[in-house]
Amino acid sequence: MSSNAPFGSCSSTHETEEGTVFAPKFDGNGLITAVTTDARTGELLMVAWMNAEALARTIETGEAWYWSRSRNELWHKGDTSGQIQTVVELRTDCDQDTVWLKVEVAGDGGCCHVGYRSCFYRRVPQGKPATLEPTGERKLSASVQK
C-alpha cells in the first residue's frame, strides 16, 4: 500500500480545504494525528497516530485502529482490553493532516492503557511548567489496560 492509498489526492489548496476528496496528509513517518472523543459527551479520550492502513481499516470496519509508535505495529483498540472503539463519526481538519474520531467505547468505557477513562487525567498548573497534578479522575481498575 502506498503512503496515501486507498485515499484520494487533491490538486490545489482550495480542493484540500473545501473539496469533497478525502486526501489525508501523512507526515514524513507516514503517520497522521488522530484525536478521539466520546461521541455522546464530547470528552477527549485520547490522541494517537494512524498510518494509511490503520486509517483505511478504521473506515472499513467502523472500529478504531491505530499505529503504535512504541511497539511499531498496527493496533486494534480494545482487542485485548475489551475497550473496542466503535466510530460514530470520522472528521478531518481543514488541512487534512489530523483526523477526529467520535467513538462509543465498549467494555468498561476506558481508553487509557494506565487504567483511566481518558488519557488526560493530569494537568499542568498555571505558572508551574514542571509540575503535574491529578484532575481527580479515578482509575477504572487497578490493572493496566491495552
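R117 and E43 meet in a salt bridge whose closest N and O atoms are 2.8 Å apart. The model described here is a predicted one. It shows a chain of 146 residues with two helices and eight strands.

**Salt bridges**

- The structure holds seven salt bridges, among them the contact between R117 and E43.
- D38 also forms a salt bridge with R117, and here the closest N and O atoms are 2.4 Å apart. D38 lies in strand β1 and R117 in the loop between β6 and β7, so this pair ties together parts that are 79 residues apart in sequence.
- D38 counts as buried, at 9% relative accessibility, whereas E43 is partly exposed, with a relative accessible area of 27%.
- A further salt bridge joins the side chains of E89 and R91, with 3.2 Å from N to O. Salt bridges that share partners also join D38, E43 and R117 into one network.
- E89 counts as partly exposed at 31% relative accessibility, and R91 counts as partly exposed at 37%.

**Overall build**

- Along the sequence, the elements follow the pattern α-β-β-α-β-β-β-β-β-β.
- The C-alpha atoms fill a box of roughly 50 × 40 × 30 Å, taken along the principal axes.
- Of the 146 residues, 34% count as buried.
- The accessible surface of the chain comes to about 8500 Å², and carbon and sulfur atoms account for 49% of this area.
- Among contacts with a separation of 6 or more, 44% are between residues 24 or more positions apart.

- Strand β1 (residues 32–38) and strand β2 (residues 44–50) run antiparallel and are joined by six bridges.
- One of the paired positions is A34, whose bridge partner in β2 is A48.

**Cysteines**

- The structure holds zero disulfides.
- How far is the sulfur of C119 from the closest cysteine sulfur? The distance is 4.2 Å, to the sulfur of C112, and this is too far for a bond, because a disulfide requires sulfur atoms within 2.5 Å.
- For C94, the closest cysteine sulfur is that of C10, at 13 Å, which is likewise too far for a bond.
- C94 is partly exposed, with a relative accessible area of 48%. C119 is also partly exposed, with a value of 32%.

**A nonpolar surface patch**

- L44, V47 and F120 form a nonpolar patch on the surface, and together they have about 240 Å² of accessible area.
- F120 is partly exposed, with a relative accessible area of 41%.

- Most residues other than glycine have a negative phi.
- N72 has a positive phi of about 55° although it is not a glycine. N72 is found in the loop between β3 (65–68) and β4 (73–76).
- Q96, another residue other than glycine, has a positive phi near 60°. Q96 has its place in the loop between β5 (85–92) and β6.
- Are these residues buried or exposed? N72 counts as exposed, at 56% relative accessibility, whereas Q96 is buried, with a relative accessible area of 3%.

How values were computed:
Residues numbered from 1 in each chain as written. Predicted model: local features only at pLDDT ≥ 70, side-chain atom pairs only at ≥ 80, totals over all residues. Heavy atoms only, no water. Patch = residues over 30% accessible without salt bridge, like charges linked within 9 Å, V, L, I, M, F, W, Y side chains within 5 Å. Areas by Shrake-Rupley, 256 points an atom, 1.4 Å probe, with all protein chains shown as cover. Salt bridge = Lys/Arg side-chain N within 4 Å of Asp/Glu carboxyl O. Buried < 20%, exposed > 50% of the residue type's maximum accessible area, 1.4 Å probe, protein only. Helix = DSSP H or I, 4+ residues; strand = E, 2+ residues; numbered from the N terminus. Contact = heavy atoms within 4.5 Å. Pairing = 2+ DSSP bridges.
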